[in-house]
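Please read them with the coordinates open.

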Amino acid sequence: EMTIQTTTRLNFRGDARRALEFYQSVFGGHAAINTYADFGMPSELPGAEKVVFGIVAAENGFRVMAYDAPRPSASSLVSISADSLEELQGYWDALALDAVIVEPLAASAWSPGFGMLTDRFGVTWSISVTPN
């Protein structure tokens with residue numbers, strides 16, 4: 001049986017490294033971050049420190065890529081779900097620091113737990129408990 005895995009890719013205007021480090025602190029796992037300088041751009045040139053490729057991958061299944069785009073496209077939304085509210089609560093609490101809460105994490109008609117927030121980097125997260 002074939003399996004497929006999707007990875008969300010987020011565009012930033014210079015915050016990619018800080019965002020990836022933050023998401024690693026929330027979800028665990030390891031981060032790989034490469035700058036333009038890592039790929040040969042002279043370090044004195046403007047933008048050499050910007051992220052050309054970055055990823056956080058955790059054993060719990062969380063994966064997100066990020067890079068510093070010259071002109072980011074429309075806003076990003078990441079959707080995550082898990083089997084229990086307890087599991088999601090810790091992620092929610094960490095992401096919610098300095099965030100704008102769009103919809104508080106609470107039981108809803110379609111889920112034992114659903115919430116939405118826009119984090120400190122401008123990324124919107126939709127977080128829900130997988131319905132049984």
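1. Two strands are said to pair if DSSP finds at least two bridges between them, and the helices (H or I, at least four residues) and strands (E, at least two) are themselves DSSP runs, numbered from the N terminus. In that sense β7 and β8 run antiparallel and are joined by five bridges. The model is a predicted one, in which local features need pLDDT of at least 70 and side-chain atom pairs count only at pLDDT 80 or more, while totals for chains, interfaces and linings use all residues. Residues are numbered from 1 along each chain as its sequence is written, and side-chain values use heavy atoms, with hydrogens and water left out.

2. As to the overall layout, the secondary structure comes to two helices and eight strands, which follow one another from the N terminus as β-α-β-β-β-β-α-β-β-β. The C-alpha atoms fill a box of roughly 55 × 40 × 25 Å along the principal axes. Of the 132 residues, 38% count as buried, where buried means under 20% relative accessible area, exposed over 50%, and partly exposed in between, with a 1.4 Å probe and protein chains only. Taking contact to mean heavy atoms within 4.5 Å, residues 24 or more positions apart account for 51% of the contacts that have a separation of 6 or more.

3. Strand β6 (residues 100-106) pairs with β7 in the antiparallel sense over four bridges, and the bridge partners in β7 include M116 for E103 and F114 for A106.

4. Strand β7 (residues 114-118) deserves a separate look, since four of its five residues are buried. M116, already named as the partner of E103, also stands opposite S126 in β8. The hairpin formed by β7 and β8 has five residues between the strands, and in its turn G122 has a positive phi of about 85°.

5. Where does T124 sit, and what does it touch? T124 is in strand β8 (residues 124-129), and it counts as buried because its relative accessibility is 15%. Leaving aside neighbours within four places in sequence, T124 is in contact with S76, L77, V78, M116, L117 and T118. With T118 there is also a side-chain to side-chain polar contact of 3.0 Å, a polar contact being a pair of N or O atoms within 3.5 Å of which, within protein, one must be able to donate a hydrogen and the other to accept it, residues adjacent in sequence counting only if both atoms are side-chain atoms.

6. On the helices, the axes of α1 (residues 16-27) and α2 (residues 85-95) come within 9 Å and cross at roughly 150°. The two helices are therefore roughly antiparallel to each other, a label for angles over 145 degrees, with under 35 counting as roughly parallel, 65 to 115 as roughly perpendicular and the rest as oblique. The contact is made by F22, Y23, V26 and F27 of α1 and by Y91, A94 and L95 of α2.

7. A last point for checking is D98, found in the loop between α2 and β6. D98 has a positive phi of about 60° although it is not a glycine. Most residues other than glycine have a negative phi. D98 is exposed, with a relative accessible area of 65%.

Definitions and conventions: Axes fitted to C-alpha atoms, helices over the stretch in contact; angles between N-to-C directions.
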